[in-house]
Amino acid sequence: MTVMVAGAGPGGLMLAAELALAGVEVTVVDRLPRRSPYCRGFTLNARSLELLDRRGVVDRFLGEGPAVPYGMFADPSRPLDLTAMDTDHAYVLGIAQTRVEELLEQWLAELGVPVRWGHEVVGFDQDGDGVDVTVRVGGEHEARRVGYLAGCDGSRSIVRKLAGIGFPGTPATAFGLLADVNLADPADLPYGVTEGERGTVFVIPRPGYVRIVLDEPAPPADRDQPVEPAYFQQVLDETLGRPVGLADPRWLTRFSNAARQADRYVADRVVLAGDAAHIHPPAGAVGVNVALADAVNLGWKLAATTLGHAPDGLLDSYHQERHEAGARVLRTTRAQAILGRRDPELDPLRDLFGELTDLPPVGRYLAELATGVSTRYDPRIPGDNPMLGRLAPNLKLILGDEDTTVAELLRPANPVLIQFGDRALPADAAGRVDVFRARCPEQPDLEGLLIRPDGHTAWISTTTDPQPADTLATALTTWFGVRTPPSGAWRTRRSPKGAGSA
Ligand SMILES: Cc1cc2nc3c(=O)[nH]c(=O)nc-3n(C[C@H](O)[C@H](O)[C@H](O)COP(=O)(O)OP(=O)(O)OC[C@H]3O[C@@H](n4cnc5c(N)ncnc54)[C@H](O)[C@@H]3O)c2cc1C
């Protein structure tokens, strides 16, 4: 049974790679004739880098841009210290979204999945066994029968609309304009923030050009109307209160503060991820990152469902976990947008919030919230270990006589069960879980760790907080459908370096 992924943006590419790793036959289609050269985002955050690390591809991205150890929550004059975050990648990576997409597409091709450009999903019908998808290729319509259809087709998702999935939220009330241009005289406008007579102008240096971002003074009559260079020039001059010459316009567009979220991420055999599932103000610069996080949560669940070994409700847990995470993104980015509004009424709130942000624990909380590092999913078993439900830390491990890490064990995108120490924990992973016996000198209290393919901790036992084996059995059943009774046998199915013993 195959999956069709509609949309080769970051969400669709990552989802397709996760499915391919799991052995699912996957097709990726995109309506554009080729990748758009226009670059929307410039950042990968800590959580995305952690996820890419757990697939062994993060180095491809790290070499592409600067690692910036601070970020911004709302006030550019009060940077957030990202180094305080609990992560291997305590910074934001400056990398063009277009480059992220190229690297993901390259990786996907290595996994045997080419992107079919110039293929537009224009309709579908689903029944109990599959989805009949109509794809427009050139002037022709092609019919394809697939098991599942993944709508990773962006904010105006046709898949979402045709599936009848609601998209409630708050409409656009404020608009921003963006222009990738050159300054006729670079001395006219510095990089960074400039307070003008009627508003703030951001100038971001890019290789060979600058990106200028400012508020649109009034909502446009037609928001889909292209932003003309002359109009942008006029708004820029009025905002600054003086003329600044622009040259070589490459790309001009507008964005808004609309915030909406699909009311269902799963509608039988149709699923949504990325912007198709949620849109929010660009304040936090997180859209690419949230799309990747959706894809990694969805990938293993959709794969298990497609391959026929998913436990009941596994696919629905994608909606539960990522809808909740998405709602948090909407709330956070809306708060960021409000705090960033040029309104003197908000000054006291902004000042107070700024003072709070300067307190180290608050700064860390906000940094981990805005970058998704603190994302926690309901583990569905009792236990109060802080690691439970969160991304398992990338612990250094000794497997047999070889060094490895949690990230390395997760590369094949399988569930991982690690036993530390001597106590035998009864569990039979029925061949669906990679089981290892390892040592972890940096966490000598660890007894056992069960990690989902998306890197989140499904079960943990320590000598100071021993968990009964039946909670392990529950976790194995809940997430991986391992139903065989505990046998007491620990088996190593394979190890990444041929080491490891059970
Ligand atoms: C101005 C701006 C700046 C931004 N800056 C940042 C930033 O700094 N950091 C960040 O993380 N995010 C940023 N974002 C957000 C980010 O660009 C998006 O959130 C991200 O691209 C979402 O990825 P996606 O894969 O869900 O969708 P998209 O990237 O939108 O990809 C959707 C794909 O689906 C294709 N498609 C559409 N319809 C169909 C169809 N019917 N059939 C087949 N294919 C179809 C499209 O051609 C497209 O390739 C910014 C956004 C904007 C507008």
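Strand β12 (residues 148-151) runs parallel to strand β21 (residues 270-272), and 3 bridges join the two. Gly-151 has Leu-272 of β21 as its bridge partner. Two strands count as paired if DSSP finds at least two bridges between them. Strands (E, at least two residues) and helices (H or I, at least four) are DSSP runs, numbered from the N terminus.

This is a predicted model, in which local features need pLDDT of at least 70 and side-chain atom pairs count only at pLDDT 80 or more, while totals for chains, interfaces and linings use all residues. Residues are numbered from 1 along each chain as its sequence is written, and side-chain values use heavy atoms, with hydrogens and water left out.

**The six-stranded sheet**

β12 and β21 belong to an open sheet of 6 strands, ordered β8-β2-β1-β12-β21-β20. The pairing is mixed. Its edge strands are β8 (115-117) and β20 (266-267), each pairing on one side only. Helix α1 (residues 10-21) packs on this sheet. Helix α1 touches β1 (2-6), β2 (25-30), β8 and β12. Contact here means heavy atoms within 4.5 Å. The direction of α1 makes about 165 degrees with that of β1. Axes are lines fitted to C-alpha atoms, for helices over the stretch in contact; angles run from 0 to 180 degrees between N-to-C directions.

**The ligand site**

| Residue | Protein atom | Ligand atom | Distance |
|---|---|---|---|
| Arg-40 | polar side-chain atom | oxygen | 2.6 Å |
| Asp-275 | polar side-chain atom | oxygen | 2.8 Å |
| Gly-287 | polar backbone atom | nitrogen | 3.2 Å |

Taken alone, the ligand exposes 1000 Å², and the protein buries 88% of that. Accessible areas come from the Shrake-Rupley method with a 1.4 Å probe; for residues, only the protein chains shown count as cover.

**The three-stranded sheet**

Another open sheet has 3 strands in the order β13-β19-β22, with antiparallel pairing. β13 (169-170) and β22 (278-279) are the edge strands, each pairing on one side only. Over 2 bridges, β13 pairs with strand β19 (residues 259-261). Thr-170 stands opposite Ala-259 in β19. Helix α8 (residues 314-339) lies across β13, β19 and β22, at about 175 degrees to β19.

**Two hairpins**

A hairpin joins β15 to β16 through 4 residues. Strands β15 (residues 192-195) and β16 (residues 200-206) run antiparallel, joined by 4 bridges. Val-193 faces Phe-202 across that pair.

β23 and β24 also form a hairpin, with 2 residues between them. In the turn, Gly-400 has a positive phi of about 60 degrees. Strands β23 (residues 396-399) and β24 (residues 402-405) are antiparallel, with 4 bridges. Ile-398 has Asp-403 of β24 as its bridge partner.

Terms used. Polar contact = N/O pair within 3.5 Å; in protein donor to acceptor, adjacent residues only side chain to side chain.
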